[in-house]
Amino acid sequence: MSRRMLKLWGALLVLALVAAACGGGNDDDGGGAAPAPSEPTAAPAPDGPDAPDDAGDGDEPAPDTPDAPDEPAPDDPSGESGEPSEPAPDEPVDIGFDEPRGELFTEFHRTFDRAHPFQPLDVFCTATPDPDSPPQATDAGITEDSITIVHLRTKLEELEGIGFAVPVGDPKDMFEAFTKAINDDCNGIWGRQINLRLVEVSALGGGGEDIDTLRNQACIEATEDHNAVIVTNTTGFQGTAILCITADHDTLFLTTQGNPGHFHEQASGLLYSLSPVAEDSVVNMTQAVIDTGGLDGKTIAVIWPDTPGQPETVQTGIIEVLEAAGYDIAVAEQIGCGGETTCRDGNDIAVERMLEEGVDVVFPALNVLSLPQFINEMINQGFAPGDVQFYNSDFNSQAGDLVSGKVAQFGGNAAAELYNGTIIIDDAPTGNFRSEDPVLSFNAPLNIMCNETYAANSAIGARHIRDVYGSYDSAYGMTSTVCTEMRMVARAIYDAGPNPTRQDIYNAFANLGSVDIQHQLPATFGPDKFGAPDVVTELVFNFPCPADPDIPTCVQQTAPYRSLG
């Protein structure tokens with residue numbers, strides 16, 4: 001494979017990972033100015049919980065937090081007892097806003113404690129109490145006056161040189177802005193400041209070193225040079241360096257992308273993602289399709305690449321789930337990649353078998369460069385629009401506008417016509433900002449608060465917008481994602497108490513329960529729950545895009561959310 005092709009694939013992979021952080025797709029860059037935000041200010045603990053928002057997942061209580069001296073604990077609005085006030089048994093908790101997406105969402109919002117200093121919806125955080133006695137240094141990265149958090153940033157600006165600019169704003173400034181809000185507006189955390197450090201890594205590699213080597217060097221800088229207690233990432237980070245952070249250096253890593261289950265096993269509870277675990281994403285998709293009855297009486301094909309680790313995921317998440325539900329798979333074919341990222345060896349044989357068997361349903365678990373070529377082979381051998389129904393997921397990042405759109409860009413209009421109508425099962429409401437339906441286009445209060453907080457604290461004067469029924473600034477979504485990661489980090493540190501060790505903080509993170517993620521989708525973390533989303537929805541790939549004539553393809557939500565519980 002040529003160096004340019006390797007860089008092209010690297011760019012597309014990074015774009016796919018970043019798309020998740022920005023709201024599920026490479027959305028159009030919105031211009032204009034937003035209304036002036038109300039700047040968050042330090043405030044005393046609220047008088048009472050506005051909505052239940054982060055006390056846990058409903059099955060177990062939130063971690064206890066030590067009371068501050070001579071003042072009520074954050075969850076004790078009365079100031080008179082150690083017990084928080086609770087609504088009457090038959091009185092539903094007010095979630096603090098109008099939720100149009102249904103009872104599934106409303107019930108989830110009721111699991112939060114919005115009186116927690118790092119769980120309000122009107123401000124990023126409220127003032128935290130000082131501890132009984134001066135904080136003490138307890139562990140690597142935890143001094144008497146600070147706790148070190150590393151922002152691990154992939155340098156997306158490198159992509160501009162090969163034609164793949166990513167308009168996600170300035171994540172570095174975003175992390176700094178939310179750190180400023182914690183340190184300046186909210187009195188730090190139990191008397192300590194967040195010591196935010198930056199570690200940057202190439203998006204493309206170069207200089208005689210492969211990208212995995214460079215990422216491992218970034219791991220060493222974050223863990224050994226800076227003694228990070230937690231490492232965060234929203235710009236895409238893959239490979240063995242994830243295990244360098246977690247398994248080799250016993251450091252918690254919070255990222256936006258889903259990772260294989262065996263990574264989580266090796267990480268021993270130190271790897272968390274705002275996306276589902278890779279195997280879970282595929283199982284969720286397969287089971288959701290089975291539940292619709294859409295496979296009854298159909299002839300099914302499953303196609304996958306021989307990329308290391310992926311055959312096992314497809315076997316577990318698609319083939320075994322289909323067979324357990326009683327479905328026969330007429331064609332199950334692995335496509336060879338030849339050690340490269342473009343997988344095409346065996347396309348002709350797989351398509352020939354599909355024709356022979358009369359296949360009318362296809363699960364194409366292929367990557368961004370391989371899927372367009374496979375679809376073109378189908379066209380060359382006689383498949384026409386309407387002959388097959390495709391089903392996909394965010395495995396290989398095919399649920400977002402950015403990656404799915406490459407079917408048209410790389411395969412041409414004929415490939416897009418054949419792929420038109422593909423049903424995608426995922427958690428992100430990709431493309432909903434284009435909808436005129438007030439339910440689908442709902443802009444969650446969390447997203448609004450996060451972007452107002454960023455605008456008030458940005459050192460570069462940044463301000464990003466999300467127009468209802470209109471354009472979407474991708475940086476608006478990135479801001480919301482950075483905001484949610486920093487609140488999770490701050491909440492775990494707070495819940496760990498005035499003088500925590502690293503393990504205390506990791507235990508608190510493992511017991512966060514319900515968490516706010518972008519769009520305020522139902523999501524939880526737990527000791528054995530490492531991918532946040534708890535819901536899925538049905539999306540459809542459209543060619544042409546009915547909601548926006550200026551773009552060739554788009555993904556849109558077509559069904560209500562359903563719980564994975």
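Is Phe178 buried or exposed? Phe178 counts as buried, at 0% relative accessibility; buried means under 20% relative accessible area, exposed over 50%, and partly exposed in between (1.4 Å probe, protein chains only). Let's take a tour of this predicted model, in which local features need pLDDT of at least 70 and side-chain atom pairs count only at pLDDT 80 or more, while totals for chains, interfaces and linings use all residues. Residues are numbered from 1 along each chain as its sequence is written, and side-chain values use heavy atoms, with hydrogens and water left out.

**View 1. The chain as a whole.** The chain has 16 helices and 15 strands. Helices (H or I, at least four residues) and strands (E, at least two) are DSSP runs, numbered from the N terminus. Of its 565 residues, 57% count as buried.

View 2. A pair of aromatic rings is described by the distance of the centres and the angle of the planes. Rings of Phe, Tyr and Trp (its six-membered ring) pair if their centres lie within 6.5 Å; planes under 30 degrees apart count as stacked, over 60 as edge-to-face and the rest as tilted. By this rule the count comes to 15 aromatic pairs. For Phe124 and Phe178 the ring centres are 5.1 Å apart and the planes stand at 35 degrees, so this pair is tilted. The pair links distant parts of the chain, 54 residues apart: Phe124 belongs to the loop between helix 2 (103-109) and strand 1 (146-155), and Phe178 to helix 3 (residues 171-185). Phe124 is buried too, with a relative accessible area of 0%.

View 3. Ring pairs join Tyr272, Phe509, Phe525 and Phe530 into a cluster. Elsewhere, look for Arg114: its charged end sits over the ring of Phe112, 4.5 Å from the ring centre. Here, "over a ring" means that NZ of Lys or CZ of Arg is within 6 Å of the ring centre and within 35 degrees of the ring normal.

View 4. Two strands pair if DSSP finds at least two bridges between them. Strand 1 and strand 2 run parallel and are joined by 10 bridges; Ser146 has Gln193 in strand 2 as its bridge partner.

View 5. Among the buried residues are Ala241, Leu243 and Cys244. Asp250, which follows helix 5, has a positive phi near 50 degrees.

**View 6. A β-α-β unit.** Strand 8, helix 10 (residues 370-380) and strand 9 make a right-handed unit. Right-handed means that, with the strands pointing away from the viewer, the path from the first strand over the helix to the second runs clockwise. Strand 8 (residues 361-364) pairs with strand 9 (residues 389-392) in the parallel sense over 2 bridges, and Val362 stands opposite Phe390 in strand 9.
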